[in-house]
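My notes follow in the order in which I looked things up.

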There are 2 protein chains.
Amino acid sequence: MNDALPAIKTLFEPASVAVIGASTKPSKIGHKIVENIVAGGYPGRLYPVNPSGGEVFGRPIVATLSAIPGPVDMAVIAIPAKGVFAAVQECAAKGVRQVVIITSGFSEVGNLEEERRIVDYARRHGMRVLGPNIFGLYSSTVSLNATFGPADICRGNVAIVTQSGAIGIAMIGKTKVENIGLSAIISCGNKADLDESDLLEYLVDHEPTHIVLMYIEGVNHGDRLLATLARVTMKKPVIVIKSGRSKRGAMAAASHTGSLAGADDVFDAVVRQSGVIRAESIQEGLDWCKFLANSAPPLGRQTVIITNGGGVGVLATDACEKYGVDLFDDQKVLAAAFAKACPAFGSFKNPVDITGGATAADYEACLQVALARDDLHAVICLGCETAVFNAAAFTEIIRRVHPGYRARKPVVFSLVGGEEIEHCIRVLRAENIPIFNDVYPAVACLGALYAQYRYTHHPPGPPAVPQLDVAAIRQVITGVRAERRRFLLAHEAQAVMRAAGVPMPQSRLARTIPEAVAHARQIGFPVVMKVVSKDIIHKSDAGGIALNLENDQEVIEAYESILHRCRQHKPDALIEGIEVVEMVDRRVETIVGARQDAAFGPIVMFGLGGIYVEVMKDVTFRSFPLDQRTVDEMISSIRSYPLLLGVRGEEKKDIGAVAAAIIKVGGILTQCPDISDIEINPLIVNDEGDGVKAVDVRILLTQPKEDGK
Amino acid sequence: MNDALPAIKTLFEPASVAVIGASTKPSKIGHKIVENIVAGGYPGRLYPVNPSGGEVFGRPIVATLSAIPGPVDMAVIAIPAKGVFAAVQECAAKGVRQVVIITSGFSEVGNLEEERRIVDYARRHGMRVLGPNIFGLYSSTVSLNATFGPADICRGNVAIVTQSGAIGIAMIGKTKVENIGLSAIISCGNKADLDESDLLEYLVDHEPTHIVLMYIEGVNHGDRLLATLARVTMKKPVIVIKSGRSKRGAMAAASHTGSLAGADDVFDAVVRQSGVIRAESIQEGLDWCKFLANSAPPLGRQTVIITNGGGVGVLATDACEKYGVDLFDDQKVLAAAFAKACPAFGSFKNPVDITGGATAADYEACLQVALARDDLHAVICLGCETAVFNAAAFTEIIRRVHPGYRARKPVVFSLVGGEEIEHCIRVLRAENIPIFNDVYPAVACLGALYAQYRYTHHPPGPPAVPQLDVAAIRQVITGVRAERRRFLLAHEAQAVMRAAGVPMPQSRLARTIPEAVAHARQIGFPVVMKVVSKDIIHKSDAGGIALNLENDQEVIEAYESILHRCRQHKPDALIEGIEVVEMVDRRVETIVGARQDAAFGPIVMFGLGGIYVEVMKDVTFRSFPLDQRTVDEMISSIRSYPLLLGVRGEEKKDIGAVAAAIIKVGGILTQCPDISDIEINPLIVNDEGDGVKAVDVRILLTQPKEDGK
């Protein structure tokens with residue numbers, strides 16, 4: 001996709017635009033697009049195209065692209081679906097570089113074939129395609145409003161990328177109402193060619209864009225998206241609203257867009273891993289955008305709450321915990337800092353309670369203290385309407401104080417009260433002061449800022465690349481493929497683990513009773529014995545396992561009875577032998593898995609074994625590659641993590657060895673893309689320093705291509 | 001508290017009110033209260049009282065209460081704290097029935113003694129006290145605005161009870177802005193005498209009040225509150241905003257109000273058990289109030305979403321799952337219902353997607369279908385701004401359709417877009433149409449309505465009253481008290497369990513080796529043996545336990561070695577004998593507990609044993625008494641519930657026997673208030689029909705009174 005970058009620049013900064021389907025009739029989308037381009041003051045060359053001819057907004061309509069004298073960088077196509085392919089052929093003939101297909105009626109209604117035909121043709125002829133099924137795009141760099149949405153878009157520093165056209169158009173209106181300026185807004189619709197990653201490639205270095213807001217329903221090339229997001233989020237915050245959180249919502253999203261919604265817990269984990277801040281609702285997303293677009297970054301984590309009401313102070317304290325905002329706790333420092341500014345009867349704890357008697361002047365004094373001090377890094381200023389609270393005076397004070405701190409320290413305000421308070425909020429919001437009529441949304445904004453702060457201050461390190469004997473693994477794969485299997489047998493899976501250096505219980509294959517006894521003596525009693533046969537998948541059911549064998553005699557008896565039971569269970573089973581295995585003390589059992597996720601590529605999974613995963617759903621996911629810090633954080637994120645730290649007087653477990661195993665398993669999937677699934681269950685974790693042992697390993701290869709899938 | 005009711009009527013409907021501290025100075029609270037009472041049009045007799053005399057709002061100020069000619073029902077006291085006691089004495093002399101103490105400076109700043117002195121005096125003289133540390137109260141029944149908050153309160157059907165004065169005053173303003181009418185608003189402040197329960201006693205039968213909104217920080221007499229709430233919620237919805245959810249928030253609440261915040265998970269569980277709907281933020285609480293105050297109750301659970309944008313449809317689907325709104329699922333019925341009304345290319349699935357081309361007329365057609373059908377019980381109507389969406393026409397349609405369905409079917413609207421959309425929302429909200437500028441708050445309102453629906457349609461049944469041998473339990477308690485202990489010894493705890501009918505493993509006390517052998521034979525091998533001694537608390541540490549004894553010889557050896565080890569461990573221990581206990585097959589281990597909660601009285605607790613409770617925090621609480629349905633729901637509410645249903649091919653466990661044990665344990669606490677704590681850990685649960693066994697039981701008595709605590 002090396003050709004993506006120049007084309008993507010053409011999309012955002014075309015020197016000339018043709019609108020195919022430009023119409024003299026105001027009811028037509030092509031008419032509206034020309035109107036918006038003209039009204040938006042696009043300085044490039046604009047060519048309305050329509051065989052009917054005529055004139056639109058003072059521009060002559062040309063009959064065909066070929067009739068245009070100069071070059072055309074971008075063609076916006078707004079004609080019925082059946083004519084789009086021919087239009088794209090025309091574009092190719094004209095040497096257009098970027099095609100924007102507004103038209104709907106393609107994959108989103110099941111018409112995947114025509115969409116593919118168009119995109120394949122365009123790509124073969126050196127063009128990139130945005131859409132189809134979109135409302136177009138706005139790019140502030142060249143003042144281009146090539147949408148059929150509202151004409152008046154405020155210029156600013158927020159870029160919006162949306163999969164849903166309807167939400168995009170609605171957001172244009174909402175950003176206007178909320179006084180949020182846009183650097184760009186792009187609808188990517190069916191994402192038949194260009195997708196979010198391509199658009200982010202442009203936005204990452206786009207100076208005017210300080211923050212990106214995305215609305216996503218489904219993801220196609222998730223691994224690329226994650227890598228791109230990780231680059232963008234280190235430079236500018238990315239807020240994502242993804243619908244389809246619920247099972248039913250995911251179904252609705254899939255039926256609506258045709259793209260893969262995927263499990264929301266996986267999506268959530270991996271985009272956060274890439275530094276994304278996730279909002280739930282449209283309003284939340286826009287609130288956070290506006291705040292992050294206008295606020296100074298914090299210099300530290302010590303936040304102080306100033307309030308004239310204990311009740312809202314407590315609500316804000318709750319909200320701080322919910323949104324990950326740390327409150328400054330040094331009572332002595334607070335008392336010294338606020339003693340002079342805080343009225344009598346006030347409290348210097350955090351929340352600093354300046355009491356219901358506080359006037360606007362008291363607020364000003366306390367705000368000045370909080371803003372001036374280097375040990376306070378963010379301020380939450382709350383007010384309840386009282387008899388002495390003068391909303392007009394408060395408005396003036398905020399206006400006076402604001403310019404001084406705007407560039408230095410993040411502050412949020414929340415006021416609760418009647419019409420005067422609401423008026424004050426409306427006035428200050430219009431001036432881009434982050435003030436809200438409830439406590440939670442105010443604190444949530446600060447929470448979003450601190451999420452960005454934490455990520456950029458502790459970014460992932462260089463990815464851990466495990467040393468694997470890839471050749472050995474490939475040899476195993478070749479053998480399995482030769483037998484047209486997808487499941488690896490136990491000894492094959494063990495060979496893969498050995499090649500990756502994941503420790504396993506000692507194990508030897510015996511084909512005779514004396515061999516079994518010799519192996520057991522070498523391994524050391526007690527041992528476990530298991531039948532080895534391609535024809536017996538469920539060994540327990542077949543009586544193919546014997547546990548806790550403590551001496552020669554028990555090994556001999558087990559050998560005979562396993563063979564006897566398995567032959568009874570499946571008389572025609574080909575039995576390769578019996579595996580003699582070290583008996584592992586079952587300390588803490590974990591599950592480590594990895595799979596090629598349809599949306600996100602290699603994904604690793606970790607959880608405590610058995611019931612914890614199956615019943616308690618206590619699992620966590622990350623995308624691969626992983627760095628050491630992220631894998632440590634992954635392990636500690638499960639609820640049952642205390643079991644690894646050691647509870648009830650038990651020793652701490654070897655968490656480092658678990659991390660190593662996770663990295664190795666993810667590495668196998670990345671370096672050997674023939675493998676689609678690995679599950680170690682259980683991975684026994686011993687006390688710290690004593691490592692882990694992969695007791696049971698299940699490995700699956702990808703569907704072979706000749707299967708046609 | 002039988003005297004509460006008549007006094008509480010006096011509080012809300014006094015025939016005469018004196019304001020002690022009425023002042024001619026506009027800066028004084030007493031001045032503002034007289035102003036509000038006069039402006040509010042209170043028809044009763046109003047007496048401003050102040051030794052300084054003068055006139056206020058055309059009323060002469062009398063010097064003392066005694067100078068008032070007629071009776072005084074209620075006295076509002078707004079003078080400095082040091083004069084309040086004397087004023088209350090005056091009230092008693094005058095025969096005042098209800099004292100409202102606005103003044104602060106009592107228990108909330110540590111001055112508990114003066115507060116107690118005032119309340120004790122008032123109660124001894126037949127008066128009830130509201131406050132201190134409040135903003136007063138408004139009661140629509142007698143048009144009494146005895147607050148120092150805003151003068152203009154809209155009359156309506158929402159009653160607000162708030163612990164925080166500042167939030168209360170702010171809410172008065174906010175209700176005005178939001179066009180929410182109030183039937184009453186009362187601040188209860190320090191709750192030195194009257195608390196939320198007293199106020200609810202009045203509101204439960206108060207015709208004008210259709211819904212109650214409460215802001216709570218801490219609870220004092222929680223058991224009474226729960227019982228009162230349960231009665232109110234069957235008649236009218238109660239929405240509670242409780243702050244102090246977070247650990248730090250709870251600390252802040254405690255320091256701010258002096259009342260017991262308690263663990264939020266306990267509060268949350270027990271108020272929901274009483275039918276309360278819990279809101280997180282002030283805005284959420286007010287949104288829900290307004291919706292429930294104005295909406296028809298649903299006749300069933302089948303909700304349909306109508307939308308012109310797939311994206312917002314998916315967001316609404318997610319929100320439905322979050323807020324417990326059930327979507328109607330019969331595709332055939334939906335297709336038949338909407339085929340005619342829905343435009344071409346629309347989707348009849350739920351969300352019903354009428355496409356971005358939908359006009360206001362299309363909305364009207366689909367809304368009429370959804371509203372007319374008896375099989376659709378609630379409607380979520382969503383709109384995104386599009387080129388063809390005419391906000392003015394939409395406004396008119398809603399206005400036209402609304403009167404017809406208002407009384408019959410709940411509907412919520414959400415529109416996302418620009419200034420025209422926002423204008424439409426403002427206009428319709430002012431007419432009490434539930435329309436929002438985002439999807440989540442709209443669906444959340446419907447969720448609150450359905451929470452009320454579910455509770456009132458499946459209310460708790462009659463409380464289960466377990467049959468206990470209370471006399472036998474009292475006898476045990478008497479014995480323990482005589483020895484000045486609080487911990488019950490094992491055999492005492494077992495006697496309590498026997499008296500309650502909670503099954504235990506068979507157990508017999510042996511004082512000699514032949515006795516031990518005889519007991520073991522009778523019980524049946526294998527057995528467990530445990531030392532019995534008041535002086536040995538931790539039996540395992542002392543070597544006082546032997547497990548899995550399979551024959552006479554092992555019993556003999558165990559007897560000797562237990563004695564030997566315990567004497568080594570604690571030479572002066574008085575050993576009563578050795579308990580021989582049936583060895584129980586450890587199926588599923590659970591914990592059943594009960595305790596006298598400082599805030600809520602008898603509370604029962606249930607969870608799966610060991611790690612599940614300790615590490616996974618997978619426990620649930622309910623207040624006692626419990627009905628059968630609630631205890632069943634309690635058991636099924638833990639995350640690890642599938643383990644009781646049987647996973648991995650295991651049999652279903654005896655859940656009924658668990659429920660019986662929970663009811664018995666709660667019954668012991670209720671019927672024997674000397675017992676403060678019971679913990680059965682583990683309660684082994686066998687397969688269905690095979691019951692439970694309480695293996696280890698820990699019982700604690702209340703702190704004896706002579707300890708002075």
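**Helix packing, chain A**

I began with one helix pair and found that helix 14 of chain A and helix 15 of chain A cross in a right-handed sense. The model is a predicted one. I then checked which residues make the contact. Helix 14 of chain A supplies Ala391(A), Phe394(A), Thr395(A), Ile398(A) and Arg399(A). Helix 15 of chain A supplies Glu420(A), Ile421(A), Cys424(A), Val427(A) and Leu428(A). I sorted these residues by class and got seven nonpolar, one polar and two charged.

Next I took the geometry. Helix 14 of chain A spans residues 391-405, and helix 15 of chain A spans residues 419-430. Their axes are 9 Å apart, at an angle of about 20 degrees. Angles under 35 degrees count as roughly parallel, so I logged helix 14 of chain A and helix 15 of chain A as roughly parallel to each other.

I turned to a second pair, helix 19 (residues 513-523) of chain A and helix 20 (residues 552-569) of chain A. Their axes come within 9 Å and cross at roughly 135 degrees. That makes helix 19 of chain A oblique to helix 20 of chain A. The crossing of helix 19 of chain A and helix 20 of chain A is right-handed. From helix 19 of chain A I listed Ile513(A), Ala516(A), Val517(A), Ala520(A) and Arg521(A). They meet Asp552(A), Val555(A), Ile556(A), Tyr559(A) and Glu560(A) of helix 20 of chain A. By class, this contact has seven nonpolar, no polar and three charged residues.

**Cores**

Which residues have the most contacts inside the largest nonpolar core? I found Leu11, Leu130 and Met214, in chain A and in chain B. That core has 228 residues. I followed Leu11(A) beyond its neighbours within four places in sequence. Its contacts are Met74(A), Gln98(A), Val100(A), Leu130(A), Leu137(A), Leu194(A) and Leu199(A). A second, separate core has 111 residues, including Val631(A), Ile638(A), Ile662(A) and Ala493(B).

**Chain A overall**

I counted 24 helices and 29 strands in chain A. Of the 709 residues in chain A, 60% are buried. Among chain A contacts between residues at least 6 apart in sequence, 72% join residues at least 24 apart. The C-alpha atoms of chain A fill a box of roughly 95 × 80 × 35 Å along the principal axes.

**A loop residue in chain B**

Is Lys617(B) buried or exposed? Its relative accessibility is 58%, so Lys617(B) counts as exposed. I placed Lys617(B) in the loop between helix 21 (611-614) and strand 26 (619-623) of chain B. Its C-alpha atom is separated from that of Arg639(B) by 9.8 Å, with the two residues 22 apart along the chain.

Terms used
Residues are numbered from 1 along each chain as its sequence is written. Chains are lettered from A and ligands numbered from 1 in the order in which they are written. This is a predicted model: local features need pLDDT of at least 70, side-chain atom pairs count only at pLDDT 80 or more; totals for chains, interfaces and linings use all residues. Side-chain values use heavy atoms; hydrogens and water are left out. Axes are lines fitted to C-alpha atoms, for helices over the stretch in contact, and angles run from 0 to 180 degrees between N-to-C directions. Helices (H or I, at least four residues) and strands (E, at least two) are DSSP runs, numbered from the N terminus. Angles under 35 degrees count as roughly parallel, over 145 as roughly antiparallel, 65 to 115 as roughly perpendicular and the rest as oblique. A crossing is left-handed if the near helix is turned anticlockwise from the far one by less than a right angle, and right-handed if clockwise. Contact means heavy atoms within 4.5 Å. Ala, Val, Leu, Ile, Met, Phe, Trp, Tyr, Cys and Pro count as nonpolar, Asp, Glu, Lys and Arg as charged, and the others, Gly among them, as polar. A nonpolar core is a set of buried Ala, Val, Leu, Ile, Met, Phe, Trp, Tyr and Cys residues joined through side-chain atoms within 4.5 Å. Buried means under 20% relative accessible area, exposed over 50%, partly exposed in between (1.4 Å probe, protein chains only).
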